[in-house]
Every structure is written in structure tokens, then in C-alpha cells.
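Here is a short briefing on one protein chain. Please read it alongside the sequence and the coordinates.

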Amino acid sequence: EQALAFDGASDGAQAGLVEVSRRLDARKRLEEERAAADRAARAERERREQAATLRRKAEEALLEGRERFARGELPPEVRERYLASMEALRQALFLVPDDEPAVVELRRVAREFSSVLIEQGDPELALFMLRVGGAD
């Protein structure tokens with residue numbers, strides 16, 4: 001009869017209800033923390049995948065820039081591809097600042113682009129590109 005119509009008179013029953021409530025709250029917090037950690041991990045994976053895609057895009061632009069330079073195309077067309085490569089790498093680093101392959105590749109592209117600019121007669125821009133690429 002007491003269990004069916006709990007009136008709070010039993011200290012043991014009341015303590016039991018408080019304990020159940022506390023445990024349910026703790027379980028709910030733990031589940032929420034796990035869900036938040038899962039979301040954060042998923043977001044990090046997605047950023048790293050996007051950065052990898054951008055590194056591939058940068059490599060494609062670099063190769064195209066090299067080909068254009070080798071064919072003797074006009075400087076603006078060559079520069080556009082090198083700049084596209086550097087921009088893709090900068091975007092990758094924005095997404096994942098500790099992406100060491102992107103850092104190394106950005107410096108490499110900046111050095112190569114700087115050499116191209118010097119050959120095209122633009123040493124001032126070459127120095128600037130080294131700075132932008134972190135290769136100075």
C-alpha cells in the first residue's frame with residue numbers, strides 16, 4: 001500500500017528515489033558527453049578529409065603551372081595556376097592548422113613559384129611569394 005501511494009514518509013524510499021534520479025542524470029550527462037565527443041571527432045575527420053582534397057587540388061594546379069611554364073605560356077596563365085596551388089594549400093591549413101604535409105608543400109610551391117617569377121623578371125613578387133608561402 002505504501003509503495004502504491006508514496007507520500008514521502010519513508011526515508012529509505014525517498015533516498016532510493018534520489019539515488020535513482022542522480023544516477024539517471026549522471027548517465028544522461030555521460031551520453032551527452034560521448035555524443036559531443038563523437039560529433040567533434042567526426043568534424044575533425046571531415047576537416048582532415050577536406051584538407052587532403054585541397055592538397056590534391058593544389059598538386060593538380062602545381063602540375064598544370066609547371067606544364068604551362070614549360071610550354072612558354074604567358075606569365076599571367078602560369079602565375080594563376082601557381083597561385084591556385086598556394087591558395088588551396090592555405091585553405092587546407094585554415095581547416096587543419098597542424099597539417100604538416102600542407103605546410104611543407106606550401107613552402108615547396110612558394111620556392112618553385114619564386115624561381116618562376118625570377119625567370120619571368122619579377123624578383124619583387126618572387127620575394128613576396130616566398131614570404132606568403134613561409135619559405136623566406
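Tyr 82 counts as buried, at 1% relative accessibility (buried is under 20% relative accessible area, exposed over 50%, partly exposed in between, with a 1.4 Å probe and protein chains only). This is a predicted model: local features need pLDDT of at least 70, side-chain atom pairs count only at pLDDT 80 or more, and totals for chains, interfaces and linings use all residues. Residues are numbered from 1 along each chain as its sequence is written, and side-chain values use heavy atoms, leaving out hydrogens and water.

**Confidence**
- The chain averages a pLDDT of 91, and 93% of the residues score at least 70 (pLDDT is the predictor's confidence in each residue, from 0 to 100).
- Among the elements of the chain, helix 2 has the highest mean pLDDT (97) and helix 1 the lowest (91). Helices are DSSP runs of H or I with at least four residues, strands are E runs of at least two, and both are numbered from the N terminus.

**Nonpolar core**
- The largest nonpolar core has 24 residues (a core is a set of buried Ala, Val, Leu, Ile, Met, Phe, Trp, Tyr and Cys residues joined through side-chain atoms within 4.5 Å).
- Two or more residues each come from helix 1 (11-70), helix 2 (75-95), helix 3 (100-119) and helix 4 (123-132).
- Helix 3 gives the most, with 8 residues.
- Tyr 82, Met 86, Leu 89, Val 109 and Phe 113 have the most contacts inside this core.
- Val 109 touches Leu 62, Tyr 82, Ser 85, Met 86 and Leu 89, not counting residues up to four places away in sequence. Contact means heavy atoms within 4.5 Å.

**Aromatic pair**
- A search of the whole structure finds 1 aromatic pair (Phe, Tyr and Trp rings, the last by its six-membered ring, pair if their centres lie within 6.5 Å; planes under 30 degrees apart are stacked, over 60 edge-to-face, the rest tilted).
- The rings of Tyr 82 and Phe 113 are stacked, because their centres are 5.1 Å apart and their planes are at 0°.
- The pair links distant parts of the chain: Tyr 82 is in helix 2 and Phe 113 in helix 3, 31 residues apart.
- Phe 113 is buried, with a relative accessible area of 1%.

**A buried glutamate**
- Glu 105 lies in helix 3.
- Glu 105 has a relative accessible area of 13%, so this residue is buried.
- Beyond its neighbours within four places in sequence, Glu 105 contacts Glu 59, Leu 62 and Leu 89.

**Helix 1**
- Its buried residues include Ala 58, Leu 62 and Arg 68.
- Helix 2 and helix 3 are among what covers the buried residues of helix 1.
- Gly 72 follows helix 1 and has a positive phi, near 80°.
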